[in-house]
2 protein chains.
Amino acid sequence: VSSAATQPPRGTRLPGPPTSRRAATLRAREAPGDGRRTATPVRVALLGLGTVGSAVARLATRVSLDGRDIHLTGALVRDNARAREAAGVPVTTDVDAIVAARPDIAIEALGGAEPARTIVLECLRRGVHVVTANKSLIAAHGDELRAVARASGAALRDEATVIAGVPFLATLARRPLACEVTSVTGILNGTTHFLLSAIERGETFAGALAEARRLGLAESDPSSDVDGIDASEKLAILVRLLGRLRLSPASVARRSIADVTPHDLQHAAILGGTLKPVAHAAWSGPTVHAFVGPAFVPASHPLASISGVTNGIVLTSASGPLFYGGPGAGPEITARTLLDDVAEVARGERLPWPEDGTAAEAAASPQVSWLLRISSPAPLPGGSDLADLLASHGVFVRRGSESSDPGAGESRWLLTWPVVKVRVDAALDAVRGATGCAATAFRSVEDTHAL
Amino acid sequence: VSSAATQPPRGTRLPGPPTSRRAATLRAREAPGDGRRTATPVRVALLGLGTVGSAVARLATRVSLDGRDIHLTGALVRDNARAREAAGVPVTTDVDAIVAARPDIAIEALGGAEPARTIVLECLRRGVHVVTANKSLIAAHGDELRAVARASGAALRDEATVIAGVPFLATLARRPLACEVTSVTGILNGTTHFLLSAIERGETFAGALAEARRLGLAESDPSSDVDGIDASEKLAILVRLLGRLRLSPASVARRSIADVTPHDLQHAAILGGTLKPVAHAAWSGPTVHAFVGPAFVPASHPLASISGVTNGIVLTSASGPLFYGGPGAGPEITARTLLDDVAEVARGERLPWPEDGTAAEAAASPQVSWLLRISSPAPLPGGSDLADLLASHGVFVRRGSESSDPGAGESRWLLTWPVVKVRVDAALDAVRGATGCAATAFRSVEDTHAL
């Protein structure tokens with residue numbers, strides 16, 4: 001553990017007591033009338049006061065948790081000179097001041113691995129429960145944080161890290177008998193889902209990205225979303241929980257969505273499916289096959305019918321597939337989920353700690369169908385010539401679709417029978433070498449017939 | 001409260017201590033190695049030893065709950081002369097003997113409102129936690145049982161009552177901020193879903209029912225499933241939890257699936273959707289609109305892509321729709337969910353008690369699209385004549401499809417624009433009167449575009 005944990009950056013001490021707040025409540029939780037509103041408030045510290053932290057601060061003035069008001073004891077910021085919209089919440093840059101104000105629970109919304117890790121460790125060591133929305137933190141340091149929490153008796157909750165608007169993560173942790181899961185296939189990143197949905201409507205990648213930025217759905221540097229880093233962190237959290245395996249996000253095979261075109265989506269539809277930004281992992285013993293990237297999803301698959309920024313996940317379990325879908329992210333829903341986690345912790349609910357994890361080993365690549373795109377400024381070779389060339393590498397075509405665009409050349413999309421990746425790679429190398437065509441492959445998500 | 005609650009039928013006393021059982025565990029929960037297996041066993045009584053109770057008894061010998069073995073203290077049966085496959089579990093017909101064996105938790109799998117209500121009340125009064133799969137019991141007597149449980153400090157859990165294989169009910173109860181729901185639309189009955197899926201493949205209703213009976217999916221008297229009684233009880237449980245409204249299952253408008261034909265499903269597909277056995281409720285203040293029956297589901301709706309015995313539910317929430325899907329029922333998955341509930345209770349997790357419910361009032365029928373089927377042994381009137389007649393009653397046709405079957409006459413399926421039920425009823429009366437045709441209408445589930 002870094003020594004920084006006990007030596008946080010010094011800053012302003014907490015000012016006087018917070019200004020009194022009006023204890024407004026949401027519809028259902030107004031004045032329950034059984035005297036519970038006189039219960040002790042839940043004392044909550046905010047670690048971070050960015051978009052999510054500010055949304056929590058606003059929501060906290062409007063709701064009560066099982067009849068208990070929320071008392072914000074302070075907010076940790078990196079630079080307390082900046083004006084903050086959360087008036088009435090004492091702001092500090094000093095972790096000691098945060099802990100000295102005796103919060104019951106700290107909500108971590110700093111983002112990124114450090115300094116979040118150091119600050120959260122400090123809170124947990126001192127017995128402050130932590131609720132977080134920080135997937136990078138949990139994916140990289142979840143086991144370390146849980147060990148410290150367990151030792152000090154603090155709770156650590158992370159429902160908001162994966163599909164923030166759909167409670168399912170803690171539910172699966174609580175219910176191991178009904179949820180013996182062996183694989184997950186999900187749309188875990190709302191930004192790329194929005195981008196592919198826009199591309200499906202005919203936008204170029206650049207145009208879709210500009211629109212996402214206007215709507216606040218994409219960062220100025222969108223690479224964490226577009227290149228699948230965000231989704232690979234969420235996948236690692238799921239594999240740790242459900243497969244009891246420690247999977248490094250960096251070891252997940254990733255493919256960017258940046259080269260997906262409107263034509264790809266049109267022809268995917270002709271071939272009976274669509275392209276979605278998918279995160280997938282399947283495990284057996286200590287081996288895991290994991291990837292993140294655009295994938296061909298058959299129209300009958302439950303993930304095919306969701307769009308926009310909605311997220312969804314299919315879990316293969318011994319009892320049949322489970323599907324969860326809904327809002328993936330956004331400051332408002334993330335704030336709601338964080339405060340739901342706070343309510344559970346304040347109520348005294350404790351999740352079972354996950355069992356020790358085993359280091360994940362790479363599994364052999366499975367046999368799946370692939371959507372191939374072969375294109376050339378010049379006329380393409382004949383369909384049967386291409387099929388023969390692919391077949392000579394063990395790649396057999398199930399059906400195809402093609403387009404000819406004056407000026408942009410010809411393209412053909414081919415859906416293959418199931419085959420391992422190494423054969424597809426070799427076959428596309430051969431196509432490039434023999435014909436001079438450009439060639440790429442999107443893997444498919446197999447149809448979940450049982451759902 | 002009936003006096004029967006304190007005067008259960010007398011029967012055989014519990015025999016001696018249970019025979020020792022081998023404490024086998026499932027994969028993930030074998031010998032955790034941190035000494036937890038020496039923890040006190042969880043003492044569990046079974047109320048009912050039918051299909052579900054027997055599945056629980058079998059599973060209980062193979063799993064542990066957070067490292068604690070399960071000790072079955074006894075099983076309550078109606079007639080202990082019958083041979084039972086759960087060897088080693090003391091069987092009795094006497095509720096007093098069940099409670100005298102000091103179980104921590106009773107699993108109720110008797111089914112039906114009585115004597116389950118009387119027996120569960122007796123357990124709760126005496127401080128025995130109860131976990132149940134009995135939707136009839138909770139739909140009719142949930143508030144009474146919760147009041148008694150709350151007074152005595154006992155827990156009452158019912159995750160297995162609605163979509164037994166998908167944990168979501170207690171999750172929604174725990175997380176009111178992320179789950180402010182205003183309507184539910186679900187496929188809540190696996191039997192009717194199986195039947196409609198078989199009819200979609202070309203089976204007649206009678207043939208599908210015979211197949212379901214062979215597979216153990218339908219009772220000898222299938223009316224509770226086919227006529228929607230089972231689904232209306234589940235709907236009442238959801239409306240109580242999510243809408244805080246007391247809805248009598250008997251007040252839910254129900255339509256049987258028995259008259260759905262393979263032709264209906266073929267033409268629903270031509271018109272861009274399918275027919276599913278749907279349960280729907282939407283509420284606003286104290287008013288609820290609720291129905292159960294076969295409904296037209298657009299192909300883009302998340303419920304359209306699930307089939308067989310799988311269940312699913314779409315919840316409209318302030319933050320966007322939520323979707324949950326997976327195995328709906330069956331003894332094995334129900335047993336797993338019951339024991340997951342037992343584990344939560346044994347761990348000391350306590351759900352917030354639901355707020356007091358308000359008696360539901362009937363809401364005005366909403367404007368929705370309808371799938372009309374108009375048929376006659378004789379040739380049908382011309383399409384524009386029919387459309388004019390419907391339009392004169394305010395029912396406007398969006399698109400249509402027709403078939404002519406030598407010997408069976410002609411049929412036409414028409415998908416309308418949204419309109420209230422009273423207009424559809426009047427329009428179909430007019431069609432019957434003016435043309436002598438048979439006419440019926442299936443309501444539609446509106447497309448959830450946001451998901």
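This is a predicted model: local features need pLDDT of at least 70, side-chain atom pairs count only at pLDDT 80 or more; totals for chains, interfaces and linings use all residues.

Visitor: How do you know that the copies meet through the same surface?

Guide: Check the interface residues: 100% of those in chain A are also interface residues in chain B, so the copies use the same surface to meet. The contact takes 53 residues from chain A and 53 residues from chain B.

Visitor: What is the area buried between chain A and chain B, and what percentage comes from carbon and sulfur atoms?

Guide: About 4600 Å² is buried there, and carbon and sulfur atoms give 47% of it. On the chain A side, A:R175, A:L177 and A:D340 supply 17% of the area that chain A buries against chain B, more than any other three residues.

Visitor: Which residues of α3(B) and α4(B) meet?

Guide: From α3(B) come B:A116, B:R117, B:V120, B:L121, B:L124 and B:R125, and they meet B:L137, B:H141, B:E144, B:L145, B:V148, B:A149 and B:S152 of α4(B). Sorted by class, that contact has 8 nonpolar, 2 polar and 3 charged residues.

Visitor: Why is α12(A) called oblique to α13(A)?

Guide: Helix α12 (residues 383-391) and helix α13 (residues 421-435) of chain A pack at about 135°, and their axes are 9 Å apart. Roughly antiparallel takes an angle over 145, roughly perpendicular runs from 65 to 115, and roughly parallel is under 35, with the rest counted as oblique. That makes α12(A) oblique to α13(A). This crossing, too, is right-handed.

Visitor: What makes up the contact of α12(A) with α13(A), by class?

Guide: There are 8 nonpolar residues, no polar ones and no charged ones. A:L386, A:L389 and A:L390 in α12(A) meet A:A427, A:L428, A:A430, A:V431 and A:A434 in α13(A), and Leu, Ala and Val count as nonpolar.

Visitor: How do α1(A) and α11(A) cross, left-handed or right-handed?

Guide: The crossing of α1(A) and α11(A) is right-handed. The axes of helix α1 (residues 51-60) and helix α11 (residues 331-346) of chain A come within 8 Å and cross at roughly 65°. By class, the residues of this contact divide into 9 nonpolar, 2 polar and 3 charged.

Visitor: Now the backbone. Which peptide bond in chain A is cis, with omega near 5°?

Guide: That's the bond from A:E114 to A:P115. A:P115 sits in the loop between β4 (105-108) and α3 (116-125) of chain A. In chain B, a cis peptide bond joins B:E114 and B:P115, with omega about 5°.

Visitor: What is noted about phi of A:R102?

Guide: Phi is near 50° there, a positive value in a residue other than glycine. A:R102 lies in the loop between α2 (95-100) and β4 of chain A.

Methods
Residues are numbered from 1 along each chain as its sequence is written. Chains are lettered from A and ligands numbered from 1 in the order in which they are written. Side-chain values use heavy atoms; hydrogens and water are left out. Contact means heavy atoms within 4.5 Å. Helices (H or I, at least four residues) and strands (E, at least two) are DSSP runs, numbered from the N terminus. Buried area is the accessible area (1.4 Å probe) that two parts lose on being put together, summed over both. Axes are lines fitted to C-alpha atoms, for helices over the stretch in contact, and angles run from 0 to 180 degrees between N-to-C directions. A crossing is left-handed if the near helix is turned anticlockwise from the far one by less than a right angle, and right-handed if clockwise.
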